[in-house]
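Please read these notes with the sequence and the model open beside you. They are arranged as numbered points, one topic to each.

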Amino acid sequence: MSRISKWSFVILIALTAPLFGYERTITRTLTYRSGRIMIDHKFGAVSVRTHKSNTVDLRAEIRASDEEFGRQIDVTASDEGGIVIRSSYPTSERRHFGNFSYSVEISVVIPDSAPLSVHNRFGSIDAEGIGASSEFINSQGSVELRSSRGAQRIENAFGSIRVTDSLGDTAVQNQNGSVEVDHVEGNLTIGDRFATVRVNRATRNVTINNQNGSVEVTDAGGATKIVNSFATVSVRNVNGSLDVTNQNGRVEATNIKGSAFFRSSFATTTFSNIDRDLTVESQNGRVEGNTVGGKATIKTSFATVDVHDISGPTRITNSNGNVVAADIRGPLTVDTRFGLVRAERIHGALDVENANAGVTASEIAGSARVHTSFGSVFLKSIEGPIDVENQNGGVAVSGLRGTCDPITIKTSFSSVKVAIPASAHYSIDARTSFGSVNTDVPILITQKSDNTLTGTIGGGGCKMDLTTNNGSITLTRE
C-alpha cells in the first residue's frame with residue numbers, strides 16, 4: 001500500500017503532468033456579514049478577487065487521475081463566525097500504479113472590505129484588490145498580491161513573493177524564494193534567505209533582513225535599514241537615513257538624502273551623493289566614493305580607501321591599504337599602516353599617522369602634521385604650520401603659501417629639502433650627521449659648520465627646525 005505524499009505530488013505534477021481522468025466543479029455563494037474570511041487549502045492554486053457586493057462566491061476545480069480518489073476530494077464553505085473555506089482529501093490508503101496526481105484550484109470573489117486569511121501548501125496564491133488587513137501564508141508555491149489596502153502580512157517558503165501597489169504597512173517573510181516589491185505606501189519589512197530581494201518605490205520606512213541573496217532598493221521614502229550576507233546590497237534614491245550591514249558582499253549606495261552607515265567585510269563599499277554624515281566600518285574591503293554633505297568616518301583594513309568631495313571633517317582609519325582623499329571641505333585625519341597616503345585639496349588641517357609607507361599632500365588650507373616611517377613625505381602648497389616626523393625616508397616641502405608659519409621636520413637615513421618663497425621670514429636651525437647642509441637662499445648666518453646651519457631669512461621670524469641623521473639638508477629658492 002502507498003499514500004501520495006506532498007513531495008511525490010510536486011514531482012509527479014512537475015515531471016509527468018498526466019491527463020486527469022476525473023474533473024469536478026464545486027460552486028457556492030455565501031452572504032458575508034462580518035468577521036474574517038479564511039481559506040485553508042493545499043495541493044493547488046488559490047485565486048482571490050474582490051467586488052462591492054456582500055457575497056462570497058466560491059468556485060473549486062477538482063482534478064484527479066484516479067476517479068475514485070477524486071470523488072473523495074471535497075471543498076467546504078461555512079458562514080459561522082465569519083466564512084471558512086477548506087479543502088479536504090481522502091485519508092485511506094490505496095495502491096496506485098503508474099502516474100498518479102490530483103489538484104484543486106480555488107477561485108474566490110470576496111467583498112473588498114473583508115479581512116482575509118489564506119493558508120496554502122503546494123500551490124500558488126494570487127490575490128488582487130484586497131481592501132482590509134489580511135495575511136497570506138504559503139509554501140512550495142508563489143505568492144502574488146496586487147492593489148491592496150490595509151496592513152498585509154505574507155509568509156512563504158520555496159516560492160517567490162511579488163507585491164505590487166500595497167497602500168498599507170506590508171510585512172513579507174520568505175525562505176528560498178525571491179521577493180519583489182513595487183510601490184508600497186506604508187512601512188515595509190522583509191525577511192528572506194537564499195534568494196534575491198528587490199524593492200522599488202517604497203514611500204515610507206524600509207527594513208530588510210536577508211542572507212545569501214542580493215538586495216536592491218530603489219526610491220525609498222523613509223529610513224532604510226538592510227542586513228545581508230554573501231551577496232551584493234545596492235541602494236539608490238533614499239529620502240531618509242540609510243543603515244547597511246553586509247558580510248562578504250559588496251555595498252553600493254547613491255543619492256541618500258539622510259545620513260548613511262555602512263558595515264561590511266571582505267568586499268567593496270561604494271557610495272555617492274550622501275546628503276548628510278557618512279560612517280563606514282569595513283574589514284578587508286575597499287571603500288570608494290564621493291559627494292558627502294556632512295562629515296565622514298571610514299574604517300577598513302587590507303584594502304584601499306579612495307574618497308572625494310566630502311563637505312565636513314573626515315577621519316580615515318586603515319591598515320595594510322592605501323588612502324586617497326581629495327576635495328575635503330574640512331579637516332582630514334588619516335591613521336594607517338603599510339599603505340601610501342595621498343591627500344589633495346583639503347580645506348582644513350591635515351593630520352596623518354602612518355608607518356612603513358609614504359605620504360603625499362598638496363593644496364592644504366591649514367596645518368599639516370605627518371608622522372610616518374620607511375617612506376618619503378612630499379608636501380606642496382601648505383597654508384599653515386608643518387610638523388613632519390619620519391624615519392628612513394626623505395622629506396620634501398615646496399609651495400609654502402604662508403610667509404611665516406613654523407616648520408619642524410625630523411627624519412633619519414634620508415634627506416630633507418625645503419623650497420623657500422622669496423617673501424618668507426624664518427629663523428633657521430638645520431642639523432644633520434653624516435651629511436651636509438646646503439642652501440642657495442640668502443641667509444644671514446649666525447653659525448655654520450659642515451653639518452649645521454643657524455641663521456635668518458628675510459629678517460627672521462617663524463621657526464624652522466630641520467633635523468636628519470645620515471642625510472643631507474637642502475634649502476632652495478621657490
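How many disulfides does the structure hold?

1. The structure holds 1 disulfide, a disulfide being a pair of cysteine sulfur atoms within 2.5 Å. This is a predicted model, in which local features need pLDDT of at least 70 and side-chain atom pairs count only at pLDDT 80 or more, while totals for chains, interfaces and linings use all residues. Residues are numbered from 1 along each chain as its sequence is written, and side-chain values use heavy atoms, with hydrogens and water left out.

2. The disulfide is formed by C404 and C462, whose sulfur atoms are 1.8 Å apart. C404 sits in the loop between β39 (395–398) and β40 (407–410), whereas C462 belongs to strand β46 (residues 462–467), so the pair ties together parts that are 58 residues apart in sequence. Strands (E, at least two residues) are DSSP runs, numbered from the N terminus. The disulfide is right-handed because the torsion about the S-S bond of C404 and C462 is about 110°.

3. Is each of these cysteines buried or exposed? C404 is partly exposed, with a relative accessible area of 34%, whereas C462 counts as buried at 10% relative accessibility. Buried means under 20% relative accessible area, exposed means over 50%, and partly exposed lies in between (1.4 Å probe, protein chains only).

4. Strand β9 (residues 125–128) runs parallel to strand β3 (residues 46–51), to which 3 bridges join it, and β9 is also joined by 4 bridges to strand β11 (residues 143–148), again in parallel. Two strands pair if DSSP finds at least two bridges between them. Within β9, A127 is the bridge partner of V48, and A127 has L145 of β11 as a bridge partner.
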